[in-house]
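Please open the model in your viewer and keep the selection tool at hand. The stops below take you from one contact between chains to the next, and then to single elements.

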Amino acid sequence: MMAGSPSPWLGELRADARDRFESLAWPTPEEEDWRRTDLGRLDLEPFLADRVGKAGELCPWAGEPGASAGYIRFESGGCAELAISERLRSRGARLESMGMGSLQGESLNSALMRETFASAGDKVAVWHFARLEYGAFLYLPPGLKIEEPFFVDIRESGAGRHATPQIAIVLGEGAAATVIARTKESLGSSILCNSRSDISLGPSSALRLFESSNLGPGTPFFQRSRARLAEGSSLERLEVQLGGGLSMTRVDCLLEGRGSEARLDGLYYSQAGQEADVGVSLRHLSPGATSKAFYKGAVASGGRAVFQGSIDVGTGASGTDAYLSNRNLLLGPAARADSIPTLRIGNNDVRCSHGSATGRLGEEELFYLRSRGLSEAEAREMLVLGFFEELLERSPEAFREETLADLRRRMPAAA
Amino acid sequence: MEWLRVVAETELDGAIAVLVDESPVALFRTDEGIFALDDVCSHEYSRLSEGEVEDGQVACAKHGSRFDLRTGEVTGFPATRPVGTWAVKAEGGWIWLARRSA
Amino acid sequence: MKASSPALEIAEYSHGYHFPDESVFRTRIGLDESVVNAISERKGEPEWMRRYRLRALGAFRKKSMPSWGADLSSIDFDALCYYARPQEAQSRSWEDVPASIKETFERIGIPEAERKFLAGVGAQYDSEMVYHSIKEDLSKLGVIFTDPETALREHPDLVRRYFGTVIPYLDNKFAALNSAVWSGGSFVYVPKGVRVDVPLQAYFRINARSFGQFERTLIIADEGSFVHYIEGCTAPIYATESLHSAVVEIIALPGSRVRYTTIQNWSSDVYNLVTKRAAVHRDAVVEWVDGNIGSKRTMKYPSVYLIGEGARGEILSIAFAGKGQEQDTGGKAVHAASHTSSVITAKSISKSGGIASYRGLVKVNEGLRDVRSRVVCDALLLDGDSRTNTYPVMEIESDQVSIEHEARVSRIGEDQLFYLMSRGMSEAEASFMIVSGFLDPLVKQLPMEYAVELNRLIELEMEGSVG
């Protein structure tokens, strides 16, 4: 473990990002990507002050992890715990706190951060880098395949806290890992969360990533995820978006390597007063890649969700097989779901399609469950959980159970 | 009804936009009188205060949706929903607005 | 068709137009108040229409070009002529007509008599007899089928009540342009309970106004009536001006049914930007059948606004984008009442670098019950250079709904081709068969002679794509 102050690259990146941040204007609904989310409705002033949390402190070492491969936990910007199996560490695996890791880890982390910073398109995305204070970094060397999951737990609390969690994952050629990342906001807090996940998969590597966000009802939430897939690599990701006030999340998956594969699933639930703008982009830049995206959302009365998914196939991406699906459940009057699936296809040797369906809980199923003695609320809850079932089927048990429990908590007597 | 004092009468010429309790309101003065509508077109959220007024109606400048100034009823496509209206009066040199009860 | 040539005084020339000779009339190049006034005066319009045109001109100037859609950057508004009397367009000789056009006529099987007319050559197609007998039958039923200028003169109240009520001039830049300089088109009124069994075809209305630059069409189907209107034809139209911006408004009153079929095959230099919208009242049905084969750029999204309970809308769209073409088409369904349904079926074929894009909207207002919508988009890419895009938007604010959308992109399958060729077909024949099969569900919806012509046209286009 490294002792001392955080690596200089972090401060340099923040400074560069701050310059770029100052030079940009806030995006407006006139811009394509922000058409459905009006930033003007948020008061971002309180969060512009530069109050850095406890970053720069060393992570308390927690010893050998139990059943997992390793875990790292953050509390309001400070690293609370870090553990990684010594056996894995000796084989070259690195689970570190950004800025405070090994030489090798820092070098890889900074390279990835520089690259994703260059790709940051708008003021909100750049803001994350300008305020970057902490993050988890995971690296697996070539050939290392690990079955037990790594855990990244991020907890935020406080009044007026500006949280910018970062998760960065780099897998070497032929490596394989499973990561469960959970972000939670403590009750009674008022925060703004602007987070990122950045993934770089080496050839033939495989990552299974399960990410959940569980935030307070009024929290402005921005999240960008970006993944670059090299030849033969595969990414399986499930994102669970719960809570938040006005939220805007984007996943950008670049299938750069021949024969790479992506399976991107998403689950979102909008309660009254919530507006979720969920986006996923599958970009086929090379031949023979496969991608599938299944996004399902449920919107309670008074809530709103927009799904924007796109499949882009470049002229060189022959042999592409891509499919995108969006299903929305409207749970009551005054619920609104918009669905915008897009296809941009520049090669004819492809199989590309998308589907979108929006509707409500089935009358017959509800009736059946009521006739078995369930109350209206219980019946509705059962059907909503059933609706999300297929997305959670492939998740690790713990993640699945936790998500179901979180969903149940958000479903009071019906919608 | 709680009347809120909004602008001086002399300021209202044609159509203007005002903010009442954070709600955008479009005020109109025509030969038929003074009118007040929510300043948000029910089609795509543009400002009705920038629209064209004629024959007791306002046409939204963005796509031409028309609304009756008195009732807020939609009278022309592409909007298909009405906009809210406000009670309005001129008194003591000022324009006063009050929310209509639902 | 007799052409009227009123003798004009020299004094009238001071309004900014000129008369090179007596039988020819056109406004000068470019667009301003004097041109709009000249057009209105020429047509002898009532004051309210002239004012309407001028306000539309103001809107045209203020509005910006769409920031999405096909590439329109090379339109030079100042270099166009905005009004030319029909005969002006007929000043070509048969020798000047390109061989490719003549060949297309031959292949599609256009009757000899029609070819010269379609190619814009001298004499007009004399379908006077056909037109007259149809006209007699229609007037017995009380149906009005004429051009909008005549309608404005003979049925002013009817026109005034509905004109511009479905598509206001502020709707978009090109609707504003049309509203300022519109000329020609059709006006159709069908009285209560009347079923017009013969499709009304603008093509048969003899004069070249049918293919005008800025056609304005208004169709009013009164309660319980039925009419099928057909616009355009499969034969390529050799246009004189390159900007065509039409507006079509349909009012389907309760219980009525209107079907509007368009086959567009403008020549390859034309920008075809059209606004089409139907107001569908209680228990009424509107069907748009929209075929886009020609033009350099088309932007057209026939729409149905379902504003009465029980209203239904259906949009069938076929687009063919060949070399240098961009077809940006689709449809919109806005549900503003309960118990309404919409179906949008869009099929496109892209070849030789052509771009076919679907753009659509399904919108359901809040507080509605029993609303159903289904959208299916199928795109066929015939070669590696071609492109397709699909941009659907669903905005759903009621929960008592069933909204479905799917889109697929594919190419002619190797195995399909192989199978057909193993039955003795050449690759060209096999490809054509597969493409025909792809389009069949829509082609079936066209009147027979159009279906036949369309099939031949596709065959002709396909020949260029194989080998």
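Select strand 19 (residues 336–345) of chain A together with strand 20 of chain C: the two run antiparallel and are joined by six bridges, where strands are DSSP runs of E with at least two residues, helices are runs of H or I with at least four, both numbered from the N terminus, and two strands pair if DSSP finds at least two bridges between them. Within this pairing, Leu343(A) stands opposite Thr390(C).

This is a predicted model, in which local features need pLDDT of at least 70 and side-chain atom pairs count only at pLDDT 80 or more, while totals for chains, interfaces and linings use all residues. Residues are numbered from 1 along each chain as its sequence is written, and chains are lettered from A and ligands numbered from 1 in the order in which they are written.

Next, select chain B, of which ten residues are in contact with 13 residues of chain C; the side of chain B that touches chain C has four nonpolar, four polar and two charged residues.

Staying in chain B, pick out the open antiparallel sheet of four strands in the order 5-6-7-8, whose edge strands are strand 5 (52–54) and strand 8 (74–76). Strand 6 (residues 57–59) and strand 7 (residues 66–68) of chain B pair over three bridges, and Val58(B) stands opposite Phe67(B) in strand 7.

Finally, select helix 11 (residues 427–443) and helix 12 (residues 448–463) of chain C, whose axes come within 10 Å and cross at roughly 145°, the axes being lines fitted to C-alpha atoms over the stretch in contact, with angles from 0 to 180 degrees between N-to-C directions. Among the residues that make this contact are Phe432(C) and Leu439(C) of helix 11 and Leu454(C) and Ile458(C) of helix 12; by class, the contact has nine nonpolar, three polar and two charged residues.

Terms used
Contact = placed C-beta atoms within 7 Å. Nonpolar A, V, L, I, M, F, W, Y, C, P; charged D, E, K, R; others polar.
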